[in-house]
Amino acid sequence: MTTQSTSVERILGFVTDSGHTFGTVEVAYETFGTLNADRSNAVLVEHALTGDTHVTEWWPGVVGPGEAIDTDEYFVVCANSLGGCSGTTGPQSTYDDGLPYGSRFPAVTIRDMARLEHNLAQILGIDSWHAVIGGSMGGARALEFALLDRRKVGKCAIIAAPAFSEADQIAWAMMQERAIELDPNYYSGDYTAVGRFPAQGLGLARQIAHLTYRNDADLNLRFSRRLQDTDYYEVSSYLDYQAKKLTGRFDPHSYLVLTRALRDHDVRTGRSNDLRTALSQACTDNLVVSVSSDRLYTPMQVELLAQNLPGRVTHQVIDSPVGHDGFLTEGAKISAALREFLAA
């Protein structure tokens, strides 16, 4: 039986790219499986924007005993991102005055998240990862993790994620940010201190995002113009359901912090304006996967990343009508690609 544990580590004096110094950062993570004697079987799985450490739950059929990321073979680690709301320090964590950080929580970058996980690896005594794997925001984190020190990454799998966000993704992010900020219960991020919660803003932000996660053809096929009730379309009911699900489990200010980090994601920052040069220190054994119907990060945009990575690069396009969420829903196809890559 695969062993599983949930832990929190404390890292002192962590400095973000924005210049903010955290006295202490708590990092929540889960492990699955057993680290072998020579510590060579560790796999880091990076979650997406609203994901968490429960990787066997949100990636069923991909991670678990006997799956492509086999927890009977590998020691799998999944950490909650900096700025999140599942145990790692974020906007609802307690500040020095005993109140939540709220509006005082600093901007964080994808690179900050990856650097924090390098610190976690030191605590865990893992000098080299067999593989680092992630989809969507998790793919961006996996890429940055490898770029920070490719000597510590044997293989890197980047799924449905580009080298940098472009204008279209920035525009979608802006609308989600505005939806939360314009909710009268937002209070500039200090809603907890006054006993409020901007549920409507977060729900609307999720609905906007979900339209980029699913393909138009998929929505048309599933819902067409059918009504669930008078003047209430089935697709409207579906989007309301997605909003309600997220507002029941996620923090609105964390959503803003993470959305902005992904919006600002660009591996060229601080490295080189030339993409090939910026990626020259990345892992030299890469799997890049795009989803055929993805309209958030199109196959062409993801392919640009694959074309500029060093070493051995395999780019696979997963055929799916779903859209961006295909990296989660097409478990069998993602598993086939990962299984072959990890075993090579």
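Student: In this predicted model, what share of the contacts in the chain with a separation of 6 or more comes from residues 24 or more positions apart?

Tutor: The model is a predicted one, and the count takes in the contacts in the chain whose separation is 6 or more. Within that set, the part that joins residues 24 or more positions apart comes to 73%.

Student: Which radius of gyration does the chain have, and how does this value stand against that of a compact globule?

Tutor: The chain holds 344 residues, and for that number a compact globule would have a radius of gyration near 20 Å. Along its principal axes the C-alpha trace spans about 60 × 50 × 50 Å. The radius of gyration of the chain agrees with the globule value, because it is 20 Å.

Student: Where is T31 found, and what is the length of the polar contact between the side chains of T31 and S5?

Tutor: T31 sits in strand β2, which runs over residues 21–32, and T31 counts as buried because its relative accessibility is 7%. Apart from residues up to four places away in sequence, T31 touches T3, Q4, S5, F75, V76 and V77. The side chains of T31 and S5 are joined by a polar contact of 2.7 Å.

Student: Which residue has a side chain joined to that of Q228 by a polar contact of 3.1 Å?

Tutor: Q228 has its place in strand β9, residues 227–229. With neighbours within four places in sequence left aside, Q228 is in contact with Y233, E234 and S237. The polar contact of 3.1 Å joins the side chain of Q228 to that of S237.

Student: What relative accessibility does H324 have?

Tutor: H324 is found in the loop between β12 (312–318) and α11 (326–329). Leaving out residues up to four places away in sequence, H324 touches S136, A160, T212, Y213, V291, D294, L296 and Y297. H324 counts as buried because its relative accessibility is 1%.

Student: What value of phi does R39 have, and what is the phi of S224?

Tutor: R39 lies in the loop between β2 and β3, and R39 is partly exposed because its relative accessible area is 39%. S224 lies in the loop between α6 (216–223) and β9, and S224 counts as partly exposed because its relative accessibility is 48%. Although R39 is not a glycine, R39 has a positive phi of about 55 degrees. S224, a residue other than glycine, also has a positive phi, near 50 degrees.

Conventions
Residues numbered from 1 in each chain as written. Predicted model: local features only at pLDDT ≥ 70, side-chain atom pairs only at ≥ 80, totals over all residues. Heavy atoms only, no water. Rg over C-alpha atoms; globule rule 2.2 N^0.38 Å. Contact = heavy atoms within 4.5 Å. Helix = DSSP H or I, 4+ residues; strand = E, 2+ residues; numbered from the N terminus. Polar contact = N/O pair within 3.5 Å; in protein donor to acceptor, adjacent residues only side chain to side chain. Buried < 20%, exposed > 50% of the residue type's maximum accessible area, 1.4 Å probe, protein only.
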